[in-house]
Amino acid sequence: MLSIARRANVPLMLEARVPVWAFYAFVAYLVAFMLVAGLLYIWRTARRKERPPEKFKLLRGPGETLRRRVQKADENLSLYVFGGAFAPLIIAWLVLLLAVRLPKQLVSAGALVAIITFIACLIISTTLLFAFLRRRRNDFIGYLGERSVAEHLEPLIARGYRIFHDVPAEGRDKNFNLDHVVIGPTGTAIVETKIRRKKKGREGYEEHVVTYDGQRLIWPWNDETWGLDQVRAEIDWLRKWIDQRTGIKTDVKAILAIPGWYVKERVLGSVRVANPKILPNIITQWNPQPLTHEQVDLISRQLDDRCRDVED
């Protein structure tokens with residue numbers, strides 16, 4: 001019996017010697033295996049009647065949101081890689097199966113459509129894979145940046161300060177997170193972490209230096225307000241939230257931390273911009289808004305309750 005490819009005069013390289021039913025049987029086997037194995041695992045786990053010793057709800061760590069995104073990306077990595085590799089082949093193969101059932105004079109055109117479909121799907125899947133990898137790469141370096149800032153804030157704990165990371169907050173359009181909130185004897189501060197990779201800049205600009213003129217960040221390659229407007233909005237939200245939850249009216253200090261860069265502040269604006277190494281000095285010495293021990297404890301307990309949601 002001649003194969004479908006020979007009957008349709010398709011070139012030998014496109015000849016399919018594997019029966020179509022074998023492909024569907026293989027897919028059905030994979031689905032059945034995952035379904036049965038999953039149900040058996042759930043049944044065995046339920047039969048043992050095991051449970052955790054307590055319902056864990058831990059404090060959010062530095063970069064908790066980014067950590068979860070990186071973890072989810074790692075879990076989906078194989079899907080993007082293998083899906084990106086095989087999806088174009090499967091789609092093009094299905095188009096080819098339809099093409100060989102066309103009248104003989106249209107088979108060549110159908111084969112061409114299958115090739116074009118394969119190339120288009122390959123471009124799309126590769127683009128999606130690269131976007132996925134780029135997002136994962138950016139999330140990971142952001143996570144490391146927040147970890148770095150947290151380590152530089154750590155010495156403040158011995159001086160009576162409480163530090164909370166990745167504090168959930170609600171906005172008008174979408175929810176967001178406060179990277180680090182510090183409460184202590186000299187008041188409350190938000191530390192927003194921003195990561196920028198170094199690259200070749202404009203002529204006359206040092207590639208490791210960012211300058212803050214009170215309004216803008218002057219990078220080696222351009223000038224912008226990136227991060228400044230965000231942290232200003234965050235202090236307004238936190239100030240109102242503290243007032244609503246505790247009745248304490250306090251000004252919140254805003255600091256933009258930029259790890260790995262030498263930061264020059266030409267003027268001291270409403271937002272401080274600094275390398276994380278000098279954060280303890282800024283928090284303890286800049287624009288102090290004294291809080292009593294009782295006020296620090298009250299605000300901390302509210303933030304502790306808000307940030308204690310890590311269960312995985």
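In which strand is Asp166 found? Asp166 is found in strand E2. Helices (H or I, at least four residues) and strands (E, at least two) are DSSP runs, numbered from the N terminus. The model is a predicted one, in which local features need pLDDT of at least 70 and side-chain atom pairs count only at pLDDT 80 or more, while totals for chains, interfaces and linings use all residues. Residues are numbered from 1 along each chain as its sequence is written, and side-chain values use heavy atoms, with hydrogens and water left out.

**Confidence**

The predictor's confidence in each residue is given as pLDDT, from 0 to 100. The chain has an average pLDDT of 88, and 92% of the residues score at least 70. Over residues 1-16 the pLDDT stays under 50. For that stretch the model has 19 contacts beyond four places in sequence, a contact being heavy atoms within 4.5 Å.

Buried means under 20% relative accessible area, exposed over 50%, and partly exposed in between (1.4 Å probe, protein chains only). Asp166 is buried, with a relative accessible area of 2%. The phi of Asp166 is near 55 degrees, a positive value in a residue other than glycine.

Two strands pair if DSSP finds at least two bridges between them. E2 pairs with strand E3 (residues 175-184) in the antiparallel sense over 8 bridges, and a hairpin of 4 residues joins E2 to E3. Arg162 has Ile183 in E3 as its bridge partner, and the partner of Ala169 in E3 is Phe176.

E2 and E3 belong to an open sheet of 5 strands with mixed pairing, in the order E2-E3-E4-E8-E10. Its edge strands are E2 and strand E10 (271-274), each of which pairs on one side only. From one strand to the next, the twist averages 30 degrees. In a regular strand the side chains alternate between the two faces of the sheet.

Strand E5 (residues 209-212) pairs with E9 in the parallel sense over 4 bridges. Val209 stands opposite Tyr262 in E9.

**Helices**

Two packed helices are described by the angle between their axes and the distance between the axes. Axes are lines fitted to C-alpha atoms, for helices over the stretch in contact, and angles run from 0 to 180 degrees between N-to-C directions. Angles under 35 degrees count as roughly parallel, over 145 as roughly antiparallel, 65 to 115 as roughly perpendicular and the rest as oblique.

| Helix pair | Angle | Axis distance |
|---|---|---|
| H3 (residues 64-99) and H4 (residues 104-153) | about 175 degrees | 8 Å |
| H5 (residues 228-246) and H7 | about 105 degrees | 10 Å |

H3 and H4 are therefore roughly antiparallel to each other. Their contact involves 26 nonpolar, 6 polar and 7 charged residues. Here Ala, Val, Leu, Ile, Met, Phe, Trp, Tyr, Cys and Pro count as nonpolar, Asp, Glu, Lys and Arg as charged, and the others, Gly among them, as polar. H4 also lies across E2, E3, strand E4 (187-193) and strand E8 (252-257), and runs at about 15 degrees to E3.

H5 and H7 are therefore roughly perpendicular to each other. On the H5 side the contact includes Trp237, Trp241 and Ile242, and on the H7 side Leu298, Ile299 and Leu303 are among the residues involved. By class, this contact has 6 nonpolar, 2 polar and 3 charged residues.

Gln302 is found in helix H7 (residues 293-307). Gln302 counts as buried, at 17% relative accessibility. Leaving aside residues up to four places away in sequence, Gln302 touches Trp241, Arg245 and Thr246.

The loop between helix H6 (279-285) and H7 holds Asn287. At 40% relative accessibility, Asn287 counts as partly exposed. Asn287 has a positive phi of about 45 degrees, although it is not a glycine.
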